[in-house]
Amino acid sequence: MSASKTIAIIGATGKMGSAIAKSLSVSSNRILLFGKDSLKLTSLRHEIKAINPKADIEIIGCPTDACWEADIIIPAVQFSAEREVAEKIKSVATGKIVISITNPVNSTHDGLLTGPATSAAEELQKLLPHSKVVKAFNTSFAGDFTHPV
């Protein structure tokens, strides 16, 4: 049996962030939630506690604090916001696993914001050179977490 981890979800009130948080809440992991909307965060925490009253879930007021405590970091934000998040967490993300879930699509969803020779995860790795960036969940929709097969 593996040891529990502390997982920070930055952007926890978005569709993917909240879906991942709810999905992870049934595990023995500690989940730290950060988002800009405190009312949505409180609502999400209540929803998670309704799913699993024993869930170890906490709202954190700052992405840096959340990531400082975390073993695994999930920036659940749009590609255009990853640079800002990376700057805020860079000093505390050294040696940590960072899961890139974003797709680098433009606002009309008909083109990419990255060149053909790179990916969103590779771009995030450049911003967090001392972290271990992995790509996951970018081909899953939020509903896939709510109603898994």
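Which backbone oxygen does the side chain of S131 reach? The views below, from a predicted model, include the reply. Local features need pLDDT of at least 70, side-chain atom pairs count only at pLDDT 80 or more, and totals for chains, interfaces and linings use all residues. Residues are numbered from 1 along each chain as its sequence is written, and side-chain values use heavy atoms, with hydrogens and water left out.

**View 1. S131 reaches the backbone oxygen of A93.** The side chain of S131 comes to 2.7 Å from that oxygen. S131 sits in the loop between helix 5 and strand 6 (132–135). Helices (H or I, at least four residues) and strands (E, at least two) are DSSP runs, numbered from the N terminus. S131 counts as buried because its relative accessibility is 7%. Buried means under 20% relative accessible area, exposed over 50%, partly exposed in between (1.4 Å probe, protein chains only).

**View 2. Helix 4 has a buried side.** F79, E82, V85, A86 and I89 are buried in helix 4. They lie on the same side of helix 4, because they cover an arc of only 105° around the axis. The arc is that of the directions from the helix axis to the C-beta atoms. Exposed S80, R83 and E87 are on the face turned away.

**View 3. The largest nonpolar core has 21 residues.** Such a core joins buried Ala, Val, Leu, Ile, Met, Phe, Trp, Tyr and Cys residues through side-chain atoms within 4.5 Å. A8, I10, C67, I73, I89 and L124 touch the most other members. Another core, of 18 residues, lies apart from it, with I48, A55, I57 and I72 among them.

Definitions and conventions
A polar contact is a pair of N or O atoms within 3.5 Å; within protein, one must be able to donate a hydrogen and the other to accept it, and residues adjacent in sequence count only if both atoms are side-chain atoms.
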